[in-house]
Amino acid sequence: MGVSRRAVIATSLAGAAAGALPIATEAQAASPPGDVVGKVTVGYQGWFACPGDGAPINGWWHYSPNWSQAPAPGACSITCWPDLRDFAKGYRTNFANLGNGQPANLFSSYDQQTVDTHFRWMQQNGCDTAGLQRFNPNGGEGATRDAMAQKVRQAAEAYGRKFYIMYDVTWWLNMQGEIKTDWTSKMSAHTASPAYARQNGKPVVCIWGFGFNDDGRPFAPAACLDVINWFKGQGCYVIGGVPTHWRLGTDDSRAGYLDVYHAFDMVSPWMVGRISDNAGADWFYQNRVLPDLADLDGRGIDYQPCVIPGDLAAGHRHHGELMWRQFYNHTRAGVKSVYISMFDEFNEGNQIAKTAESAAWQPTNSGMRALDEDGTPCSSDYYLRLTGDGGRMLKGQVALTATRFTVPFPTGPDQTAPSVPGSLRVTGTTDTTAALAWNAATDNVGVAGYRVSRGGTVIGTTTTLAFTATGLTASTAYTFTVAAFDAAGNASGASNAVTATTAAPPDNTTNLAAGRPTAESGHTQVYGSGNAVDGNTGTYWESVNNAWPQWLQVDLGGAVATRRVVLTLPPQSSWATRTQTLSVSGSTDGGSFSTIVGSAGYTFNPATGNTVTIAFPSAVTTRYLRLTFTANTGWPAGQVSEFRVYNG
């Protein structure tokens, strides 16, 4: 079981400095905006499991001191109760029922719907990026953590969020070698996802824990530098989760680690357990944030300070005042990026995820604090909404203000469900996906989103009027419905059901373009476009000379799934090596074309058959495929002897 960060760090809270606080001179981030610079990142644990959820760990992971026993009063590892109203499934604990009579259930992070729900909340509340915590994966938790990385990837892709791997080295005593193996053999594969965070064109990796002054992180400076430089050598942008007092080498920081801290591309000092009120936040602004920012700016290192909602169990939140004060201080300091500690950390009480808003939504015998613990009613999503508004202020989308403007609790109960979405329809299929669309629902307040179900089971949510179901089996029929929901949790009835049958498995051998009609921008002499689909590599299309750009097009006869094109030139050695610059675009109607593969140079070499394969990033359903040429090092025209198209 992972050791909580706060449990192994002992740091006294700093007192407040007297007097007014200055507003810092506008700072500039060392790097341009990317997936972490200029963004709001949230720390994502994803470490809750329950017996029966299918997780390899098969226990009450991070919910109970004894994972084989259900959480109960006096035997529970969380300090706050999650709000489960948005989840399709819960797991029964040994707590008494909630104050409203509902069973005391908890979610499992291993359920994809849980992760999808969390990432939908991120999407709705301006959380740009998630740092997925990854502790030592070589013990009994490893298989579950590996699976969680895939679940987070799927959710991030579905909801347009970014994610990156955040290694926590706590008690990982063989870290120096094993972290490299874990990256190369497992985690680096996730950088292929379009949702994997990149900064300055590099995949992002965070290493949390170097230099902390405790027994759980005994690594020498040389070992730390070796790991940082190794990841940089792998082409990564490396963030350091560092001690609060890193720059001074005191309190929670070991002395002699400044070179380690300065080796990171971005520095993110830890703040959980350091402040409990606005006075403490102001002290850190003046004595740590401003000088930290100056130190890093002078070295071209990016800065990502923490924002914490406050420990709910200890009564630190002050109905949002503490969190907003940090957003205000960071914004006036000129900070460009922040890290929210944390999204789902119910163990330390610093979560922003939806939490019991009152006694009605937590077990009657839990002894826990709800969000209204100080007498101010706060909706379960209040700290998500506060994060969204704080992020907008940080990004300059709203004016700087010390007064939080996020309403703690929307006035008036909303008990009206949205209308049923209309005209659910299938807009396309591949062998593994089915694309759906529908007409908008209406609501007395506003529709918050839509839940898509397959065979009666929720498979995802979206705020748009379209959804693509993924991971399907080829040549299989699936039935889908969709329902609308509002911010109060009211849900509509199910829409009309539609059945989608996935396409046959990809065909790697059939050339879909063979003998099909062609079109062109023009040709020279007898080298017309029909030569490119006649099956003869000795004939070829050649565009009008010295008149860039030029294009060649094939009509596949109907919208079909395509995955790659293969282009050839005559194989004779007389066709010397040449590089042609071209792009690939597609159209379903022959009039409006969209780019499939951007312009790039492709080298045709007689020694390798004068053949080039251009694979698409994903399957594209299209009827017309067009090649647009802008350069050729061997001749002042576009040239193709065979234009082949495959769906596998």
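A: The largest pocket has a volume of about 890 Å³, where a volume is the space filled by probe spheres set on grid points joined across faces, edges and corners. Ser-379, Asp-381, Pro-410, Ala-487 and Ala-488 are the closest to its centre among the 32 residues that line this pocket. Two or more lining residues come from each of helix 1 (112-124), helix 8 (382-394), strand 15 (447-454) and strand 18 (477-486), and helix 8 gives the most, with 4 residues. The model is predicted: local features need pLDDT of at least 70 and side-chain atom pairs count only at pLDDT 80 or more, while totals for chains, interfaces and linings use all residues. Residues are numbered from 1 along each chain as its sequence is written, and side-chain values use heavy atoms, with hydrogens and water left out.

Q: What makes a space a pocket, and what makes it a cavity?
A: On a 1 Å grid over the protein atoms alone, a cavity is a set of points where a 1.4 Å probe fits but cannot get out, whereas a pocket is an open set with protein on both sides within 12 Å along at least five of seven lines; a residue counts as lining if it has an atom within 4 Å of a point.

Q: How many residues of each class are in the lining of the largest pocket?
A: That lining has 10 nonpolar, 10 polar and 12 charged residues, where Ala, Val, Leu, Ile, Met, Phe, Trp, Tyr, Cys and Pro count as nonpolar, Asp, Glu, Lys and Arg as charged, and the others, Gly among them, as polar.

Q: Which residues and elements line the second largest pocket?
A: The second largest pocket holds about 580 Å³ of space. It is lined by 21 residues, of which Gln-154, Ile-459, Phe-467, Thr-468 and Thr-470 are the closest to its centre. Helix 1, helix 2 (142-159), strand 16 (457-462) and strand 17 (466-469) are the elements that give two or more residues to this lining, which by class has 7 nonpolar, 10 polar and 4 charged residues. Helices (H or I, at least four residues) and strands (E, at least two) are DSSP runs numbered from the N terminus.

Q: How many cavities are found, and what surrounds the largest cavity?
A: A search of the whole structure finds 4 cavities of 30 Å³ or more, and the largest cavity has a volume of about 160 Å³. Of the 16 residues that line the largest cavity, Met-271, Phe-284, Val-289, Cys-306 and His-330 lie nearest its centre. Helix 6 (278-297) and helix 7 (321-333) are the elements that give two or more residues to the lining, with the largest share, 6 residues, coming from helix 6. By class, the lining of the largest cavity has 10 nonpolar, 4 polar and 2 charged residues.

Q: Why is helix 7 called roughly parallel to helix 8?
A: Helix 7 and helix 8 pack at an angle of about 10°, with their axes 9 Å apart. This makes helix 7 roughly parallel to helix 8, because angles under 35 degrees count as roughly parallel, over 145 as roughly antiparallel, 65 to 115 as roughly perpendicular and the rest as oblique. The axes are lines fitted to C-alpha atoms over the stretch in contact, and the angles run from 0 to 180 degrees between N-to-C directions.

Q: Which residues of helix 7 and helix 8 make the contact?
A: From helix 7 the contact takes in Met-323, Trp-324, Phe-327, Tyr-328, His-330 and Thr-331, and from helix 8 Tyr-383, Leu-386, Thr-387, Asp-389, Gly-390, Gly-391, Met-393 and Leu-394, contact meaning heavy atoms within 4.5 Å. By class, this contact has 8 nonpolar, 5 polar and 1 charged residues. His-330 is also listed among the residues nearest the centre of the largest cavity.

Q: What makes helix 3 roughly parallel to helix 4?
A: Helix 3 (residues 175-185) and helix 4 (residues 221-233) pack at an angle of about 15°, with their axes 10 Å apart, and that angle makes helix 3 roughly parallel to helix 4. Met-175, Gln-176, Ile-179, Lys-180, Trp-183 and Thr-184 in helix 3 meet Ala-223, Asp-226, Val-227, Trp-230 and Phe-231 in helix 4. By class, the contact has 7 nonpolar, 2 polar and 2 charged residues.
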